[in-house]
Amino acid sequence: MEQLVLPQGLRDDVALVALHNNSEIPAELHLRLPAHPKVLSPLRRAVRRWLRSRGADDEATAEVTLAVSEACANAIEHAYSPSPATFELDARSSIGDVTISVSDVGRRRSPRGQNRGRGLTIVDAAMDDVEVRPNASGTEVLMRRRLHR
Amino acid sequence: MMRLADIQFSTRGRAMIARLVGELDMSNAADAGETVAERTPNEMLGLVLDLSELDHLDRSGIQLLYRLRENLRIAARNSRS
């Protein structure tokens with residue numbers, strides 16, 4: 001402000017306007033990604049940015065990102081097909097909450113080993129509502145969460 | 001392992017301290033587990049995992065904790081026999 005206002009002062013008021021350009025962040029996210037673990041880290045970054053642009057606080061951002069990452073890890077782990085497998089993420093928000101869907105293509109493998117199956121437990125804990133919907137082409141995990149509890 | 005996470009090792013007495021920095025997920029948790037297991041000598045009495053600088057830990061990371069605990073249990077049993 002010292003550099004903007006002359007030492008001798010001004011004859012009128014000063015208005016300072018701060019703009020944050022988030023035009024690159026879409027109102028909805030639609031991603032189709034290869035079913036490979038290496039997509040998870042950039043996917044989490046994209047989801048974090050999107051959640052913040054939707055007004056999520058730090059806690060909601062961290063928890064929803066964790067849940068989405070787990071659901072996508074499930075899709076990657078369970079998806080298998082002769083051709084390169086993909087999965088889809090759709091995220092949209094309405095006033096005060098977000099709805100995120102993760103869909104894979106392929107039959108679901110049963111959880112294997114004593115530590116398998118923790119992913120959905122984490123998703124359940126982090127989100128308000130979770131539905132696992134098997135369909136003709138694969139499985140959709142539909143998650144909803146209020147942004148401020 | 002890929003650079004999604006770094007592991008810094010130090011010792012305190014006969015305990016190995018592994019400080020994980022970054023993110024652990026299904027893309028790197030198995031490699032991280034192997035690195036920690038390889039760098040932890042059998043004569044160590046304990047292993048401390050410092051996760052305070054970890055930005056993300058998913059169920060692969062939780063599996064890693066269980067696996068390392070099991071490794072330590074086996075190592076302790078072998079050292080007693």
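A salt bridge here is a side-chain nitrogen of Lys or Arg within 4 Å of a carboxyl oxygen of Asp or Glu. By that rule there are 12 salt bridges over all chains.

Some housekeeping. This is a predicted model, in which local features need pLDDT of at least 70 and side-chain atom pairs count only at pLDDT 80 or more, while totals for chains, interfaces and linings use all residues. Residues are numbered from 1 along each chain as its sequence is written, chains are lettered from A and ligands numbered from 1 in the order in which they are written, and side-chain values use heavy atoms, with hydrogens and water left out.

Take Arg48(A) to begin with. Its salt-bridge partner is Glu23(B), with the closest N and O atoms 3.6 Å apart. Arg48(A) sits in helix α1 of chain A and Glu23(B) in strand β2 (residues 15-24) of chain B, so this pair joins two chains. Helices (H or I, at least four residues) and strands (E, at least two) are DSSP runs, numbered from the N terminus. Both residues, Arg48(A) and Glu23(B), are buried; buried means under 20% relative accessible area, exposed over 50%, and partly exposed in between, with a 1.4 Å probe and protein chains only.

Within chain A, Glu63(A) and Arg145(A) form a salt bridge at 2.7 Å between the closest N and O atoms. This pair links distant parts of the chain, 82 residues apart: Glu63(A) is in helix α2 and Arg145(A) in strand β5 of chain A. Glu63(A) is partly exposed at 25% relative accessibility, whereas Arg145(A) is buried at 2%.

Glu140(A) and Arg133(A) also meet in a salt bridge, 3.6 Å from N to O. Shared partners join Arg44(A), Arg48(A), Glu23(B) and Asp25(B) into one network.

Now the sheet. In chain A, 5 strands form an open, antiparallel sheet in the order β1-β2-β3-β5-β4; two strands pair if DSSP finds at least two bridges between them. β1 (29-34) and β4 (129-134) of chain A are at the edges with a single partner strand each, so one side of each has no neighbour in the sheet.

How many bridges join β3(A) to β5(A)? There are 9 bridges, and Ile100(A) has Met143(A) as its bridge partner in β5(A). β2(A) and β3(A) pair over 8 bridges and form a hairpin with 2 residues between them, where Gly96(A) in the turn has a positive phi of about 85 degrees. β4(A) is joined to β5(A) by 6 bridges, and Val132(A) has Val141(A) as its partner.
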